[in-house]
Amino acid sequence: MSYKEEFKIYCSTIAGEAGGSSDEAIKTVARSIITRTGFREWKSYATAFEVIKHSGYDAYTDRSSSPNYKVVYKAMSSGRLDDLSRKIIKLVEPIYKQEMPDETGMLSLYYSPKAQKALHEKNPKKYKEKPPWNFSVLERVYIAGTSKDDFNWYRYKGDGSTVKTLLLNSVNSPVSGKKITIKVTDRLGNYFVKEYTTNNKGEIPDIHARKKSMIEFFVGETSCKFRIVADGIPKKVVLKDYECKFETQTVPHKTIPTPSIENVQTQETQNSSQKINEHNKSVNDSLEEVTFNIKLVEGDTGKPLPNTTYHLDYKNNIKPHKTDSSGVESGIKADVCQSISVYLDDDGGKKQSIYSMAFPITGDLNGQTKVLKVPVVTLQLKFIDKNKKPIPNYEFKTVYRGRTSETKKTNSTGIVTVKALAGQPLKIIHQTANKTSTNIVTDGSTEWIFDTSKLIKDSGSSASPASNASSNNFSSAQKPNGTKPNTSSPVDKGNVIRNDKITQKGPTHEVKTDQAKITIKFLDEATDKPLSGLTYWTQSTKYGKNPATTGSDGTRGRTHDSDVGISIVVLVNENGKEVKKGTIVANSDKNCVAYVYKAKKPKIPNIKIKFKTQRTNVVTEKSKNILRELASQYGMKTIYITSTLRTPEEQASAMYNNIAAGKVIRYAPPGAEVTRICQSGIKKGLGKNQTLKNMVSKILEYDKKGQRVSKHCVSFDTYAKKNIIDLGVNSNGFTTNAQKKRFQEICDAALKQGKLSSFISPLRDKAEPAFHLEIPQ
C-alpha cells in the first residue's frame, strides 16, 4: 500500500518522538500536531507537515539522531511494514484524518523532563533544562495512561477544561466500583463516549474537553443524567448517587513553576489570574439559566419592528411572542445548552421557520440583546384575466404594516415588483372590483399570481373587505408561487455566526445564515470498505448538478459547502441507470460528520500504469483509476506517466545549474522572480547552498499563494491534494494529430465531469510537449 508523503512524515515523526512510549502517549503526540495546525502561534502553518517542520519536533528536524523515525519512514516507503509501523499507523491515522474527536482538550505542548535534563547537562548552551515557554499562561494536563512515560503535557489556559469527577453516597462517602459514562460533544457535533469505574476514592480519571463542549454524565444503569459546558476553566463535579443530584465547582488553575527569569512576570500573572478566576466563578454559578432580550429588525434597513408577533421553538414547544414599541421583548429565560428557533406567521395558521434565525443558548448571552434580522422578500405580483393572459396597467393598492399605498399599475406584462418582510401580511385592494385579498409573505417566495376573473366571480361587488376572498381560500391559481415548504415539526437550523456590536443598550448579536460543510462518504456494499474511484453527483435547485469522484477514503477529499437548509440529492450511476442514494438537508450541526452511503464497486479497467519518471509513490490510487478509465475509453492496454512531482529543492537545483551554466529559461512572473534571486546570489557570492535556500524559500512562498514556478513544482502537501501528471505523447503512442485529438476529447469530457480540475493539450498549447492532467483528491 502506498502512503502520502505527509502521512509518512507524520507517522515517522511520532515514532521518533514517542515510539517507545505508551499507546496513549503516541496518540497524544499525534493530537498535538493536529491541534497546532493553524492555531495560535502556529496559525501560519496550514498543514501537519508545516507544523512538524517549523515548530520544534526534533524527531524530524534531527532525523539522523532518531532511529525510530528512519525505521518507520523506510517501512512506509517500501510498503513492507514492521510491527512498530503498523502500531503507529493504527493509533494515529484516525487522528490524522480527524475521524477521532479530541480527548485532550486542545493539548498543544509537551516535553520530556528526563530527556531534556540529560540534553541540558550534555550541552547547556544549546538545551535549556525546561523549554523557554511562558508557563504562566499554560496549565499542565494529566493524560490517563501516560503516568509512566517521560512526558509533561500542557495546553493554554482557556483552550479547554479539565473536569475532576467524584461520586458520593447518602452520607457523603466515596462510592467505589460504580460505572459512570461520560459523553463529550464539541461545538461542531463531534463527540466521544468513555465508560469508567470509580476507584476507592469515588473518582474517575480526569476528563479533558475543548472549550464550549458539552459534557454529559450518566451514572450506573439508571437514567440519572447531568451536563455542563466546558468554559475553559478547570472544574470539579460531585455526583450524588443516592438522589441523582450534582454539584459543580470551579477549580482555580494550577500555577506551573517557571524558570527564575520569569518569576516577576509569573507573580503578576497569578494575581490577575486569581481575580479573573474569581470573576469567572461568579459567572459560572449562573450558567444553568440565562436571561436575555430579543430584538426584531428589518433585514435591509436595521429599523426595529415594534408590536410584532413572532414565535419561539424552545424544547420542542412553539409559543407566540411579541415585541414592544421599540421592537424588543425583554426578560426571556432559557437553559444553557438548549437552542431556540424562530418562526414567523405563514398561510393557513402554520409557521415558517427562518433558518438564519436559530441560535444556541450560551452563558455569554446572559444580560444581552439578541438582534434578529427579519428577511426582506422581493415579490412579483402578477395579474391575469380569465384567459390566463397578463393584464397591463391593472390598478390596485397595497396595505402593508398599517399603511395603504398610492395606486399602483402593472407593466405591459401584468407585473409589479414589491418588497415586504417575511411573516407580514400583505393586502391587495383590487380597485376595479372593490375586493381585497391577503397573503402572508414567506421567506423564499418569488411570485404571487392573481386570477382577477375568479376574484370577481367569487364575491359580489359590494362585499366588505372582511368577507372578501383571502389567500386562505384562494384557488391554486391564486396561491403564491415559489414558497418554501412549511413544517411544524422540529428541524435542524444550523449554528449561528455572530458579529458582536456594542450599542447604547449593551452588546447585541447580529445573525446571518450559517454555512454547512458536508462530507459524503461511500462504502463498497459488498465489503463495507471505503469505495475509491466512484463518480457520484450532488443535485440541488440552488447549486445545480455537480459530479465528484471518491478517493481511497471513500470521500472526494474535501467537503461540499452549502447554505444551511438546502436540500441536496446524492446520485450514482449503477448498471447504466441513475440511482438516488439519499437526500441531505444541509445542516451545520453535522459539519465534519460524514453522510455514509453504500454503492456497487465500479468496474476498474485492467489497464497497466507504468512510469517513466523516478518519483512514483506520490500518485494516488484514485488518480491511477481515473487514468485507467481514460486509457480504456481510448483503447490502450498500458498508460505511461512521464512526469509527476518536482520538489521545490529539485526545481531550485535545476534552475541554479542552468543559470550557473549561462542558460537562462524564460518563466512566468513567479519563475522570473526565483531566477532573479538566483542571479543575485551568484553575483553577491553567497554560495550555492545559501542561494538554493533563498530560492526554495521563494518557491514555497508562491506555493502557499497557489502560484507555481513550474507546473509540477509544488510541495508534497499540495501534490497530495491535487496530483499533477504528464502523459508523454510519444511514450503513449499519440503520434498523429488525429490520435491526439481523440485523447483530447476524452480528457475534455473528464474535465467537465469534475474528474480533472485542469487539462492542457499539446494541440492547444504548442509549448506543452505532453498531455498535462491535474486530478483533485
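Which residues does Trp 153 touch, not counting residues up to four places away in sequence? In this predicted model, Trp 153 touches Ala 25, Thr 28, Val 29, Leu 107, Leu 109, Tyr 110, Glu 139, Arg 140, Val 141, Ile 143 and Thr 146.

Let me put that residue in its setting. The largest nonpolar core has 47 residues, and Trp 153 is among those with the most contacts inside it, together with Phe 7, Tyr 10, Cys 11, Ile 14, Ile 33 and Val 92. Several elements each supply at least two residues of this core, including the helices α1 (5-18) and α2 (23-36) and the strand β3 (152-156). Apart from this core lies another, of 36 residues, which counts Leu 305, Ile 332, Tyr 400 and Val 441 among its members.

His 311 counts as buried because its relative accessibility is 7%, where the cut-off for buried is under 20%. Leaving aside residues up to four places away in sequence, its contacts include Ile 318, Pro 320, Tyr 343, Asp 345 and Lys 351.

Finally, helix α11, residues 648-660: at 1.5 Å a residue, its 13 residues should span 18 Å, and the end C-alpha atoms are 18 Å apart, which agrees. Within α11, Pro 648, Gln 651, Ala 652, Met 655, Tyr 656 and Ile 659 are buried. Seen down the axis of α11, these buried residues fall within an arc of 130°, so they line one face of the helix. What covers them includes α12 (669-684) and α13 (688-704). Just after α11, Gly 662 takes a positive phi of about 85°.

Technical notes:
Residues are numbered from 1 along each chain as its sequence is written. This is a predicted model: local features need pLDDT of at least 70, side-chain atom pairs count only at pLDDT 80 or more; totals for chains, interfaces and linings use all residues. Side-chain values use heavy atoms; hydrogens and water are left out. Buried means under 20% relative accessible area, exposed over 50%, partly exposed in between (1.4 Å probe, protein chains only). Contact means heavy atoms within 4.5 Å. A nonpolar core is a set of buried Ala, Val, Leu, Ile, Met, Phe, Trp, Tyr and Cys residues joined through side-chain atoms within 4.5 Å. Helices (H or I, at least four residues) and strands (E, at least two) are DSSP runs, numbered from the N terminus. The expected span of a helix is 1.5 Å times one less than its number of residues. The arc is that of the directions from the helix axis to the C-beta atoms.
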